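Work through the exercises below with the model open beside you. Try each task before you read its solution.

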Amino acid sequence: MSDTTKESGLLTAVREFPANVWSSIFRNPLPSNDLERASTSFTNFFLHVHPVKVNRNTLRPLYTLGLGLMSFFLFLILVVTGVLLMFYYVPSTTQAYDRMLDLRGSVAFGIFLRNMHRWSAHGMVAIVFLHMCRVFFTGAYKKPREFNWVLGVGLLLVTLFLSFTGYLLPWDQLAFWAITVGTSIAGYAPLVGKQIQFLLLGDATVGQEALLRFYVLHVAVLPLVLTLLIAIHFWRIRKDGGLSRPEEPARAQAVTLIVTTVGAPPSEPRPSGSVKKTYGLQGFVRGPFIRAGNVPDNSVFSWPNLLIAELFVFVLTVAVILVLSLLFNAPLEEPVNIMHPPNPAKAPWYFLGLQEMVSYSAFWGGVGVWFARQRLLANTIFLTLVVVNVIFIIIGTFFRGPNWQMVSPW
Ligand code: HEM
């Protein structure tokens with residue numbers, strides 16, 4: 001081969017290099033027909049979390065309000081901003097507060113980073129709670145989704161604990177006394193209360209041991225547990241047949257059609273009155289969509305319908321956090337002064353309902369489908385509990401003054 005041919009071959013390889021890298025990662029062009037839409041969902045690591053097609057009803061914005069997704073995106077924002085904050089933070093009682101001042105004064109965008117982390121954390125607690133309310137009101141916790149509800153309770157508890165452990169890290173008066181009060185509420189738990197309190201603090205009072213324990217839990221243990229639980233939570237949604245959805249009257253009457261993929265045991269018993277059909281997995285993918293028995297098809301391709309909805313929720317979540325972080329600064333009070341507790345000392349807001357309860361006695365410690373008649377009793381009991389907790393949180397936040405006396409906020 002001549003030198004000039006070799007040279008031009010090399011030039012072509014260099015010129016095609018970016019395109020080759022691109023096409024080795026993204027195997028499909030932007031989809032323009034149903035087959036490509038399905039194939040894109042199948043072959044992309046991130047997209048294959050979704051089914052190729054979803055029921056149109058699950059995309060109704062007023063059914064889920066996108067609250068579960070918002071919780072997830074807030075967690076992502078928290079991970080990104082949290083890792084960046086870790087470059088500056090030191091979990092030491094002598095340095096932590098100074099590092100907060102540095103973030104404010106000398107680190108580029110430090111204050112903005114802290115604001116984003118703080119407001120996303122409060123937002124996540126509130127949104128996860130609202131997501132749980134939505135799941136309850138729509139009855140989405142029922143069979144076959146009971147296990148996902150149980151996982152959800154775990155998710156709520158870990159979210160609360162993540163926020164609580166983060167609260168201490170700035171090591172200012174607000175942090176110190178909120179955690180002192182919060183952990184003493186844990187001390188009221190029957191039988192093991194005092195042991196739990198000691199396990200959390202690593203000491204009799206909040207100090208260096210507690211700061212280190214809270215830090216390790218906050219930046220490593222709890223985020224890992226939450227990531228694992230979220231992964232199982234999403235996997236269960238697929239296994240439970242996608243999201244629950246309002247019943248479609250016309251479809252409910254339709255012939256029950258059991259579709260199995262190739263390889264399913266042929267001897268499965270057939271429910272009476274049903275038609276058994278066996279398709280290759282590609283049967284779902286190939287367009288036009290296979291219809292058997294003229295069953296009305298109410299599903300749409302995840303690409304782009306579900307993705308656009310998800311992108312919208314993502315942009316909305318990020319935008320709200322950015323605006324809040326531009327407008328409001330995360331609080332930073334005086335450095336810790338053990339001799340000077342604020343009066344009253346209050347736990348973080350989501351535990352104020354508990355604090356209010358404990359303060360009485362140490363011994364007490366599509367929206368329309370949300371309110372269906374069949375769930376009236378269960379929903380009323382749940383709603384009452386939620387309302388009582390919210391009222392207690394408002395009383396604890398605004399109406400309690402020195403010595404836990406009632407005060408007027410005005
Ligand atoms: C970190 C916290 C959580 C995240 C990131 C999360 C995420 C999600 C997402 C993205 C969905 C899809 C539908 C939607 O957006 O509503 C979902 C559904 C669901 N979540 Fe969560 N969730 C969390 C906490 C919870 C909690 C606290 C519960 C209940 C105690 C719960 C129970 C469920 C159930 C049962 C479903 C299925 C709902 C249905 O089929 O309609 N999740 N979750």
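## Exercise 1: The ligand and its shell

The ligand has 25 residues around it, and the closest are H131, R134, G152, H233 and S244. Keep in mind that this is a predicted model.

**Task.** Find which helices each supply at least two residues of the shell around the ligand, and which gives the largest share.

**Solution.** 
1. List the helices. Helix 4 (67–86), helix 6 (110–137), helix 7 (146–168) and helix 10 (208–239) each supply at least two shell residues.
2. Helix 7 provides it, with seven residues.
3. Sort the shell by type. There are 14 nonpolar residues, nine polar and two charged.

## Exercise 2: Polar atoms at the ligand

**Task.** State how far the ligand's atoms are from N or O atoms in the side chains of R145, H233 and S244.

**Solution.** 
1. Start with R145. An N or O atom of its side chain is 3.1 Å from a ligand oxygen.
2. Go to H233. Here a ligand nitrogen is 2.8 Å from a side-chain N or O atom.
3. Finish with S244. A ligand oxygen is 2.5 Å from an N or O atom in this side chain.
4. Compare each distance with the cut-off for a polar contact, which is 3.5 Å. The values of 3.1 Å, 2.8 Å and 2.5 Å are within it.

## Exercise 3: Placing H233

**Task.** Decide whether H233 is buried or exposed, and name residues that it contacts.

**Solution.** 
1. Locate H233. It lies in helix 10.
2. Apply the cut-off. H233 has 14% relative accessibility, so it counts as buried, because buried means under 20%.
3. Look beyond the neighbours within four places in sequence. H233 is in contact with H131, N148, L151, G152 and L155.

## Exercise 4: Helix 2

**Solution.** 
1. Look at the start of helix 2. A side-chain oxygen of N33 comes within 3.2 Å of the backbone nitrogen of L35.
2. Move along the helix, residues 34–43. A38, S39, T40 and S41 are buried there.
3. Check T40. Its relative accessible area is 9%, so T40 is buried.
4. Leave out residues up to four places away in sequence. T40 then touches N28, P29, P31, L47 and W303.

## Exercise 5: The second largest pocket

**Task.** Describe the lining of the second largest pocket: how many residues are there, and of what types?

**Solution.** 
1. Take the volume. The pocket holds about 1,000 Å³ of space.
2. Count the lining. It has 32 residues, with L160, Y350, F351, L354 and N389 nearest the centre.
3. Find the sources. Helix 6, helix 7, helix 8 (173–186), helix 9 (193–201), helix 14 (352–360) and helix 15 (376–398) give two or more residues to this lining.
4. Name the main giver. Helix 15 gives the most, with nine residues.
5. Sort by type. The lining has 28 nonpolar residues, four polar and no charged.

## Exercise 6: Backbone details

**Task.** Locate P144 and P344, then decide whether L191 and W404 are buried or exposed.

**Solution.** 
1. Find P144 in the loop between helix 6 and helix 7. A cis peptide bond joins K143 to P144, with omega about 0°.
2. Find P344 in the loop between helix 13 (302–327) and helix 14. N343 and P344 are joined by a cis peptide bond, with omega about 5°.
3. Turn to L191, which is not a glycine but has a positive phi of about 65°. At 86% relative accessibility, L191 is exposed.
4. End with W404, whose phi is positive and near 55°. At 16%, W404 is buried.

How values were computed:
Residues numbered from 1 in each chain as written. Predicted model: local features only at pLDDT ≥ 70, side-chain atom pairs only at ≥ 80, totals over all residues. Heavy atoms only, no water. Near = heavy atom within 4 Å. Polar contact = N/O pair within 3.5 Å; in protein donor to acceptor, adjacent residues only side chain to side chain. Helix = DSSP H or I, 4+ residues; strand = E, 2+ residues; numbered from the N terminus. Nonpolar A, V, L, I, M, F, W, Y, C, P; charged D, E, K, R; others polar. Buried < 20%, exposed > 50% of the residue type's maximum accessible area, 1.4 Å probe, protein only. Contact = heavy atoms within 4.5 Å. 1 Å grid on protein atoms, 1.4 Å probe; cavity = no way out; pocket = protein on both sides within 12 Å on 5 of 7 lines; lining within 4 Å. Points joined across faces, edges and corners; volume = space filled by probe spheres on them.
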